[in-house]
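Take a look at the model below and keep it open while you read.

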Amino acid sequence: MRLGELAHVRTGDKGDVSQVSVIAFRAEDFAVLRRDVTVARLLAHLANLDVQEATRYELPGLGALSFVLRGALRGGVTRSLSLDAHGKTLGAQLLDLDCGAGRHPDRPDRT
Amino acid sequence: MKSVRIGAGAGFSGDRIEPAVELAERGQLDFLAFECLAERTIALAQAARRRDPDGGFDPLLERRMAAVLPAARANGVRIVTNMGAANPRAAARVVVRTAARLGLHDLRVAAVLGDDVEALIVAGDFPLTDRAGTSRDLGGSIVSANAYLGIAPIVEALQQGADIVITGRVGDPALFLAPLVHAFGWAEDDWTRLARGTLVGHLLECAGQVTGGYFADPGVKDVPDLARLGFPIAEVDEDGDAIITKVAGSGGKVTIATCKEQLLYEVLDPAAYVQPDVVSDFTGVHLRQAGPDRVAIAGAAGKPRPAALKVSIGYQDGFIGEGQISYAGPNAVARGRLALEIVRERLALTGVRVEEIDLSLIGVDSVSRRGVGPEPSEVRARVAGRTRSLDEARQIGREVEALYTNGPAGGGGAWMGAHEVIAVASTLIDRERVRPSVAFES
């Protein structure tokens, strides 16, 4: 199952920091997000973005995770050379993360 | 129980104009706030003010005010906005003139001053909070420094009877929190209510992003009528609990999902959302669908305000030059990659000093950086580079354009651009050193 079947995302930025929310559609799926959307798996999925440091905040009351990705935006919106200097497209790239029922724990998400 | 209705008329400088008019006409509002000042916008505005002492405010100020003032005046809606950017006084004079042109002669327009701390920053040596080093390392490249003011001067202006309050840099939620504090008389150390009001401001400050904008994903998360997206209204009670809604019949939707996305948006620590007037904890917030397009929010907690204010320092950081060109049909990706390599080699051969370069194929790896998936039927090669001079920045685009006749087969639609970079660094300043004030224009 892909993450996009369990959760929706929104992405914002502060300087060179990207903030990505992952929010369960149904409260009962929050446990799956907490288990499967780890910092390590997120960084592996976004490996080409060269994120320097990642923190995960858990918000069980909202059924949501919030990821703070430092150094993810090549300098941030004011000086990045990237086409998407805000990194607004970043969170949606997580929606095909393999997740929940049917996920094989040893299989890499993407090569 | 007394309640206040406050709307969001814009979520960024270039936002749509008519949703605010709809709110002023049909929102039954007490207050309408416009958040139009991104982090580096004020640095660009400061540069504009240097060229023209009467300039340096939001370029759409006159257009927005001309559109909204008649209905706002007719319905008694008071306006708060940071469209003053680097020159709130000049902006206030423009609003007075615009109102007079519309036959509205008795509006009281206040400017909030005191966020410009460039002289203090340049004279001192302040540790930067978003990287190593101090403000002194930026040397003569600093073009602006603005402290994020809190609600105090906005509340003062409203208490003196301002119909319209024009600020420069303030904490974005303060544009919404200040009218609530004015209306309800909340104490400056009532951290719980200040946090609840901050949550209202945080949910509203990006306008359409809480009513269904930045949300739609066809077939997964559908949103009706985004071309007529309605901007949000908060109905706030005297304890700071609120309903988020919008004008009936407008486009978009207000649901628990749209509100959750905006609740967490750009919040780095949900247990400590730092603003000038209060540190808010959003981890206990709960949301309830209270009716169609009505979501009740409650549960924000507050902690005492910080001793220091955040300061954004704008500084010159060289130039960026860019060029793009498209390729289509079989082998388009290979021709695009060849184009990128040719430009890289040309810049080296011709001695253009490029400090950093970004080579990508739009449609393949320009935003995702993944470069996997099926071969697309068209790609657009993009080269962006950082230089120390504008002329060298322009040379990057020229080399891309020259691919028309010197590059791979079938290159079309070349485009080029170059601009000076005004970057932003952050520091902190003791709040006692910042002295906000209010000036009325007539």
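Before we start, one term: two residues count as being in contact if their C-beta atoms, placed from the backbone, lie within 7 Å. With that in hand, look at helix 9 of chain B, which lies across strand 8 (242–246), strand 11 and strand 12 (294–298) of chain B. Helix 9 of chain B runs at about 145° to strand 11 of chain B. Keep in mind that this is a predicted model.

Helix 9 of chain B has another side to its story. Which strands of chain A does helix 9 of chain B touch? To find out, let's look at the sheet in chain A. It's an open sheet of four strands in the order 1-2-4-3, with antiparallel pairing. Strand 1 and strand 3 of chain A each have a single partner strand, so one side of each is left without a neighbour in the sheet. From one strand to the next, the twist averages 15°. Now for that question: helix 9 of chain B (residues 256–264) packs on this sheet and touches strand 1, strand 2 and strand 4 of chain A. The direction of helix 9 of chain B makes about 150° with that of strand 2 of chain A.

Two of those strands, 1 and 2 of chain A, pair in the antiparallel sense over eight bridges. If you'd like to spot one of the partners, find Val9(A): its bridge partner in strand 2 of chain A is Val22(A).

Now zoom out to where the chains meet. Here 28 residues of chain A are in contact with 37 residues of chain B. On the chain A side, strand 1 (7–14), strand 2 (17–24), strand 3 (53–59) and strand 4 (64–70) each supply at least two residues. Strand 1 of chain A gives the largest share, five residues. Sorted by class, the side of chain A that touches chain B has ten nonpolar, 13 polar and five charged residues.

On to chain B as a whole. Its secondary structure comes to twelve helices and 18 strands. The radius of gyration of chain B is 24 Å, close to the 22 Å that the globule rule gives for 442 residues, so chain B is as compact as a globular protein of that length. Here are some more overall values:

| Property of chain B | Value |
|---|---|
| Box filled by the C-alpha atoms, along the principal axes | roughly 70 × 55 × 45 Å |
| Buried residues, out of 442 residues | 52% |
| Contacts joining residues at least 24 apart, among those between residues at least 6 apart in sequence | 75% |

Chain B has an open sheet too, with ten strands in the order 11-12-8-7-1-2-3-6-4-18 and mixed pairing. Strand 11 (286–291) and strand 18 of chain B stand at its edges. Neighbouring strands of this sheet are turned by 25° against each other on average, direction ignored. Strand 3 (residues 78–81) and strand 6 of chain B pair in the parallel sense over three bridges, and Val80(B) has Val165(B) in strand 6 as its bridge partner.

Finally, check out helix 4 (residues 88–101) of chain B, which has 14 residues and reaches 20 Å from its first C-alpha to its last. Its buried residues include Pro88(B), Val94(B) and Ala99(B). The buried residues of helix 4 of chain B pack against helix 3 (61–75), strand 4 (109–113), strand 6 (164–166) and strand 18 (437–441) of chain B. Just after helix 4 of chain B, Gly103(B) takes a positive phi of about 85°.

Key: Residues are numbered from 1 along each chain as its sequence is written. Chains are lettered from A and ligands numbered from 1 in the order in which they are written. This is a predicted model: local features need pLDDT of at least 70, side-chain atom pairs count only at pLDDT 80 or more; totals for chains, interfaces and linings use all residues. Ala, Val, Leu, Ile, Met, Phe, Trp, Tyr, Cys and Pro count as nonpolar, Asp, Glu, Lys and Arg as charged, and the others, Gly among them, as polar. Two strands pair if DSSP finds at least two bridges between them. Axes are lines fitted to C-alpha atoms, for helices over the stretch in contact, and angles run from 0 to 180 degrees between N-to-C directions. The radius of gyration is taken over C-alpha atoms; the globule rule is 2.2 Å times the number of residues to the power 0.38. A residue is buried if 20 or more other C-beta atoms lie within 10 Å of its own, exposed if 12 or fewer, and partly exposed in between; C-beta atoms are placed from the backbone. The expected span of a helix is 1.5 Å times one less than its number of residues.
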